[in-house]
Structure formats: C-alpha cells, structure tokens
Amino acid sequence: MPAVQHMKWYGWGVEGVSFHHEDKPGLRPFVLEIIDLDLDTPPGRQTQLSDLDIPTPLIGDELLGRLRAVVGDENAVSEDEDRVVHTYGKSIRDLMRLRGNDLPRVPDVVVYPADEAEVQQVVDAAIAADAVLIPFGGGSNIAGSLQAPEAETRPVISLDLGRLTRVLDVDEEAGLARIQAGALGPDLEEQLNARGWTLGHFPDSFTHSTLGGWVATRSSGMQSDKYGDIADITRGLRMVMPGRVLVLRGLPSTSSGPSVREMVLGSEGRLGVITEVTVQVHRIPEERVILGYLFPSFEAGVAAMQEISTSDASPSVTRVSDAGETRFSFSTRKKSKGVSVSGLVSKGLFKVLERRGWDLDAVCLSFVGYEGGPEHVARQKAIVKKIIGKHGGIGLGKGPGELYDQKKFDTPYIRDFLLDRGAAADVSETAAPWSQLVPMYDNVTAAARKAFAQIGVQGWVMCHLSHSYHSGACLYFTFAFRHDDQEPLARYDVVKSAIQQAFIDTHGTLSHHHGVGTEHAPWLEQDISAAGVQMMEGLFAGVDPGRNLNPGKIT
Ligand code: FAD
C-alpha cells in the first residue's frame, strides 16, 4: 500500500489524537445542563474492525489485473481496512453506520494512480468493464458523497488521489498556482508558503481534505471573506473524463459561454476525476490578527456584520455566534471560571456590561479577522470598531481571537467524543439574503426544538454567522441530543430534515458549502427548481450515460 495518510476508519482525524474534557472544567456542567449527558460516563465499547461484516470484493480477475497493470500491484489494494476507509465520508450518519456494522456496499478495490496518465487509464478501464468509479480525496465530506449505492452489483473502484500532492508551478506575476488535486491542506500550504504564497483556503477540515475534494464539493474556508470560496479561488483545472481530458486554462475571467468551470465545481465526481487545479494564490500577509467582540444580542451582531460587508473594510473573517454558541465557546476554555460572560471578561468590563444593562445570558461572541500591511490592518480595524460600536458591541482584544485561531482544527474531534458517550452532534449550514437571516434563524431554531420534542429528547441547537457577502451570509447550525442507542439514525433524520426544510422555507439554500451528495439531495428541486434539476441530469447523462461515475450523488 502506498504511503498515503488516511483518517481513522471509525472517526475524525488520525490515530492517537482525540478530544478530552478534563482540562475544560466548564464543559461537563454545561453539557449536563443542555443535553443531560454526563461526560464522566465511560465511553461504550468501541466497534473494532474485526467486528465488521465486510462483503467479499465483487471484482473479476480481468478488471483487477488491468488496474494492477496500470498502477502496479502495490497501488491496487483490497485490504479490509483500506476498503472500509474508502466506503463513507465523515458525516454523523456515516460514523453511525460504520460503528453499527452497516456496510452494504464497500469498494471492491482502492487504486492509487501516480499521475494523470494513470488516472485516464483507470477511468477508461472502469468504463470498458462497466464498473463504478468513485474519486476519493480526504474522505472528509459530510453530505454522503462517497458511498456506492446499496444495490450496486457492478464492481466498485475507489480512486484515491493521495499520490498527486505537488504544487507544480507558480506564475509569480499572475499569482496563479497549478496544484495536483490530491494535495491535503497542509501539503499545499507548506509548499506554497516555502515560496512566499498562501492559498488562503482554511476549512475546519483543512488538515484532512484535499484541493480536488474542495472543488468537487464547492468548499468554503474560514477566511473566505477575503480570499473567496473555492469557486472564486479556482481559475482553471484539468479533469479526466471517459476517453479524454477537460482542460480549462487559468484565466482571470472569460465569456466563453456557460461556465464549464462552474459545471465542474460541486460535481462530486459525477463528471470525472479532477487531477489538477489552477488557483489564485496570495502573498503571505505581513500581519494577521483576529479580534474578539461582544454584542448584546444576535440581531445586533448580524446587523453589524451586514454593515461591515458593505463598508470600506474588507476583513478576512466575519463571525458572530448566537448566545448558545457563545456559552458553548466559554465552556471549552481551559481553566474557565464558568460558562457565562462573567467567566470570560475582566471584572472592569463585566461592570461595564452590567451598567449598560446587557442581559448577560444573551451576550454574543464575535470575531473579525484582519490581514495585510500594518496601515491596511489599522484602517480596517478603525472602520470595524466604529460599526461595532454603532450596534452596541464592545471589543475584547486579541486574546479570544488567538484562542479561536489555535483550537479551530481541534473542534472536529469533539463529535466522536460525544458519539462514544451516546450523543449525536452534527451541523447543517445554509446561506440566505441579509433580509432573511434573522427570520431564518428564528424559524430554524424553532423547527429544531419542535423536532426534539417530537422525538422526545432534550436537544440543543446553536448557530453562528460566517462567510459574509454583499447580499447575505452563511448561517451554520450545530445540534446535539442524547440518543442512548435508541434508534439514533431515525431520530437524527427527524431533526436534520426539520432544519433543512426550514432553510428552504426561509429563502435559504440546501447548503452553503457542504454540497448535495445523498444527504441534501431531497431538497435539490425545492432549491433550484425542477428545470434546474433537469439541466443537471442532462449534463450528467451527456458525460456519463452509463452512470459509471459516482452514481446516485446530487441527482
Ligand atoms: P472527499 O470527502 O474525499 O470527497 C467529496 C466528494 O468529492 C466525493 O463525491 C468525491 O467523489 C469527490 N471528489 C473528491 N476528490 C475529487 C477529485 N479529485 N475529482 C473529482 N471528484 C472528487 N467543508 C467546508 O467547505 N468548509 C469547512 O469548514 C468544513 N469543515 C468541516 C469540518 C468537519 C469536522 C468535517 C467532517 C467536514 C467539514 N467540511 C467542511 C466538509 C468537507 O471537509 C468538504 O466537503 C471537503 O471539501 C471534502 O474534501 P475531501 O478531499 O475530503 O473530499
């Protein structure tokens, strides 16, 4: 097997790294209060790989021999663990199914091509043998974008891009870099940083997701306000299709008909295998700082973020948490004095808040990030300070922002920790116009609470705004409840569906940056209309009439 880094088969991240709560004294009482779960409860028995019923590979010697001839015996693997790692992504549904030994269709072989020529030969061999081919980046998607259809009787090949990790070239004048699609976030940032550049794309899954995966799911990073979503960052690409290569050169813009680049963005492996992406890169900024702020209410924070988005300031991060997420953030502080605002701010500031008459339970934490030369940063900060003051907010300085910045890639580990203890925690996110955001927030939180009541659990829902645009922003909801192994997936579905439907009912999209997959497909027609779905189906059928390329995703 080649030396490609994969996540744990049963959860997030790498072996040996996990979440623990002992150094966060505020977390246990908080979780006990909100979902009635005692974090000191020992975890249940972990499912072992040997517990799984892994179906025997369904692949004939002829196809296997052909694939081995292309990539070499050691790069066409049918070991149990490798096949299981490539079966699902990392949604809560994926993790529950894995841990519940629910593996109806596992890839029959995992291939690791070394270059585009090998990818082409693998794709062509798959089509010739009427096999299914599923491109695999980091396996971090949470939209159900990887699993083969349960009833699939054809051989299933997982094509792992893990050997295509190089920055090939940087056009120093244009700031355009050609990068192989299998590069994980740290791989490509390290190579770019060595030449003084950065991509500026930092999703929470940065450490375990790839450039090709970002493009194929229309990803967004936490600094997207400055650098753009991956859809903006991607200026060109190469994609292997059956019998040919799609070549889109890196261009600042073009009017050459409907955008083929946009057709590939978000295509989730349905059109081919992206092998290389030409991306806009930027010089590493001289200064980078994230400042913390507090608002008296979520509405005030949203209004301030809206005004910032239309002001002369151009921050890299705009984020505001609701009161619930603010309390959660405080609870995860090391040596925290509590989960209320009194545990976070100095005595002096606490008195100011009391004097201003703030309801301390409604306080909302916000972060705004600034990047660039010292003068630019100072000017942005001054503009934002004025706007924040106008909306009743106050500054907290650098401390909370530094903390947020340091622990941002650790947060994903908490979901497994809760799952081990009988609680489901997951996210749903959307984007909507500014005019709809507060009504949507109210609608979604009410729908989630109604769903918790319907399934008879004490649930928790919290939210933050991030990724601001001129016309609107992304709202990102996290929800959790204790399921005690009582129909966890059926109960999860009730809550997840209620939230997704509330998005659509309040002018939101089915997802701002996680894609469609199978998880969000039921809402596609309501999102883009029947005519939009028909256009997509025509595109997929035109490129892939045999439904060999990651069938069953999106439509
Ligand atoms: P995979 O999961 O391997 O694949 C995703 C889809 O893309 C599949 O359909 C696959 O077939 C296809 N694909 C992958 N590579 C290629 C290729 N080279 N050519 C063609 N198709 C391909 N997303 C965000 O945008 N922002 C976030 O902040 C964020 N945070 C997350 C945090 C956590 C804890 C988790 C679990 C997920 C998060 N995600 C986030 C979701 C996920 O990381 C993204 O969807 C990511 O873009 C997937 O990339 P990947 O390389 O892991 O792709």
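Is Arg99 buried or exposed? Arg99 counts as buried, at 18% relative accessibility, where buried denotes under 20% relative accessible area, exposed over 50%, and partly exposed the range in between (1.4 Å probe, protein chains only). The structure is a predicted model, in which local features need pLDDT of at least 70 and side-chain atom pairs count only at pLDDT 80 or more, while totals for chains, interfaces and linings use all residues. Residues are numbered from 1 along each chain as its sequence is written, and side-chain values use heavy atoms, with hydrogens and water left out.

Across the whole structure, 26 salt bridges were found, a salt bridge being a side-chain nitrogen of Lys or Arg within 4 Å of a carboxyl oxygen of Asp or Glu. One of them joins the side chains of Asp420 and Arg99, with an N to O distance of 2.8 Å. Asp420 belongs to helix α16 (residues 413-420) and Arg99 to helix α4 (residues 92-99), so this pair ties together parts 321 residues apart in sequence. Helices (H or I, at least four residues) are DSSP runs, numbered from the N terminus. Asp420 is partly exposed, with a relative accessible area of 21%.

A salt bridge is also formed by Glu307 and Lys390, whose closest N and O atoms are 2.9 Å apart. This pair links distant parts of the chain, 83 residues apart, with Glu307 in helix α11 (residues 298-309) and Lys390 in helix α14 (residues 374-390). Glu307 is partly exposed at 24% relative accessibility, whereas Lys390 is exposed at 59%.

In the salt bridge between Glu325 and Arg319, the closest N and O atoms lie 3.5 Å apart; both residues are buried. Arg28, Asp38 and Asp40 are connected in a salt-bridge network.

Notes
Helices (H or I, at least four residues) and strands (E, at least two) are DSSP runs, numbered from the N terminus.
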